[in-house]
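My notes follow the order in which I looked.

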Amino acid sequence: MSQSYNRGLVEDFGRWREFTAGMWAWIFHKFTGWVLVGYLFTHIAVLSTAIAGANGQTVLVGGEQLNVYTATIQGLESLLIVRVMEVGLLAVAVFHILNGVRLLFVDLGLGLESQDKSFYASLIVTGVIVIASIPTFLEGAF
Ligand code: HEM
C-alpha cells in the first residue's frame, strides 16, 4: 500500500533541518533554474549594447573614445563583484545541468535506488569544476 503524507497547503520550510537529499535537490534545482532565467535577461541586456557598437557608437572612458560594446564589457570585467558573480553563475549552471541530467535518468526510472548518491555526486562535481575555474575567472581581478 502506498504511503501518503499530510504536507498542508504549503511546504513548511521551517522544518529545513529535517529535509532529505531529495528536498534539497528540488529546492536547488528550482533556485538554479530561475537564476538562469534571470541571468538570460541580464545577458541579453548587456549583449544588446553590441547593436549600438556595430553602428559605430562610441563612449568617452578616461579620455579615450571606446566602442560602446567594448566599454561595457571592459567596465563590467573590471569589477571584482562581476568576476565573483561569474563564478557563482558557473556554479548555478553546472549544478542545474548535472542535476537536470540526473532528473532525466530518474524520470526514465534509471538509478532510482541511488538518487541520494547521484545528488551528492552532482554537488561534488559542481564544487570541483567551480574551484578549478576560479583562477581563470579571477585572473587580473586584483
Ligand atoms: C543542459 C542544460 C539543462 C538541463 C539538462 C536542464 C534540466 C532540467 C530539468 C530536467 C528540469 C525539470 C525538473 C523537474 O522535474 O522538476 C528543469 C527545470 C527548469 N529549468 Fe532546466 N535544464 C537545463 C538548462 C536550463 C537553462 C539554460 C535554464 C534557464 C535559462 C533552465 C531553467 C529551468 C527552469 C526555470 C526550470 C523549472 C524550475 C521549477 O521547477 O520551477 N534550465 N531543467
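These entries go from the overall fold to the helix pairs and then to the ligand.

**Entry 1: the model and its fold**

I note at the start that this is a predicted model. I counted the secondary structure and found 5 helices and 2 strands in the protein. I then read the elements along the sequence and got the pattern α-α-β-β-α-α-α. The radius of gyration is 21 Å, well over the 14 Å that the globule rule gives for 142 residues, so the protein is more spread out than a compact globule. I also took the extent of the C-alpha trace, which spans about 75 × 35 × 30 Å along its principal axes.

**Entry 2: H4 against H5**

I looked up helix H4, residues 80-107, and helix H5, residues 115-138. Their axes lie 9 Å apart, and the two pack at an angle of about 155 degrees. Angles over 145 degrees count as roughly antiparallel, and H4 and H5 are therefore roughly antiparallel to each other. The crossing of H4 past H5 is right-handed.

I listed the residues that make this contact. H4 contributes Arg83, Glu86, Val87, Leu90, Ala91, Val94, Phe95, Leu98, Asn99, Arg102 and Val106. From H5 come Gln115, Ser118, Phe119, Ser122, Val125, Thr126, Ile129, Val130, Ser133, Ile134, Phe137 and Leu138. Sorted by class, the contact of H4 with H5 has 14 nonpolar, 6 polar and 3 charged residues.

**Entry 3: H1 against H4**

Next I turned to H1 and H4, which pack at about 125 degrees with axes 9 Å apart. H1 and H4 are therefore oblique to each other. I logged their crossing as left-handed.

On the H1 side, the contact is made by Ala25, Phe28, His29, Thr32, Gly33, Val35, Leu36 and Tyr39. On the H4 side, I found Leu89, Val92, Ala93, Phe95, His96 and Asn99. The contact of H1 with H4 has 9 nonpolar and 5 polar residues, and no charged ones.

**Entry 4: H1 against H5**

I checked the remaining pairing of these helices. The axes of H1 and H5 come within 9 Å and cross at roughly 45 degrees. H1 and H5 are therefore oblique to each other, and H1 passes H5 in a left-handed crossing.

Here the contact is made by Ala21, Gly22 and Ala25 of H1, together with Gln115, Asp116, Phe119 and Tyr120 of H5. I sorted the contact of H1 with H5 into 4 nonpolar, 2 polar and 1 charged residues.

Comparing my lists, I see Ala25 of H1 in the contact with H4 and again in the contact with H5. Phe95 and Asn99 of H4 face H5 in one list and H1 in another.

**Entry 5: around the ligand**

Which residues come nearest to the ligand? Of the 13 residues around the ligand, I noted Gly33, Leu36, Ile97, Gly100 and Leu103 as the nearest. Helix H1 (21-47) and H4 each supply at least two residues of the shell. The largest share, 7 residues, comes from H1. By class, the shell has 8 nonpolar, 4 polar and 1 charged residues.

Gly33 and Leu36, listed here among the nearest, are also in the H1 contact with H4.

Notes
Residues are numbered from 1 along each chain as its sequence is written. This is a predicted model: local features need pLDDT of at least 70, side-chain atom pairs count only at pLDDT 80 or more; totals for chains, interfaces and linings use all residues. Axes are lines fitted to C-alpha atoms, for helices over the stretch in contact, and angles run from 0 to 180 degrees between N-to-C directions. Helices (H or I, at least four residues) and strands (E, at least two) are DSSP runs, numbered from the N terminus. Angles under 35 degrees count as roughly parallel, over 145 as roughly antiparallel, 65 to 115 as roughly perpendicular and the rest as oblique. A crossing is left-handed if the near helix is turned anticlockwise from the far one by less than a right angle, and right-handed if clockwise. Two residues are in contact if their C-beta atoms, placed from the backbone, lie within 7 Å. Ala, Val, Leu, Ile, Met, Phe, Trp, Tyr, Cys and Pro count as nonpolar, Asp, Glu, Lys and Arg as charged, and the others, Gly among them, as polar. A residue is near a molecule or strand if its C-beta atom, placed from the backbone, lies within 6 Å of it. The radius of gyration is taken over C-alpha atoms; the globule rule is 2.2 Å times the number of residues to the power 0.38.
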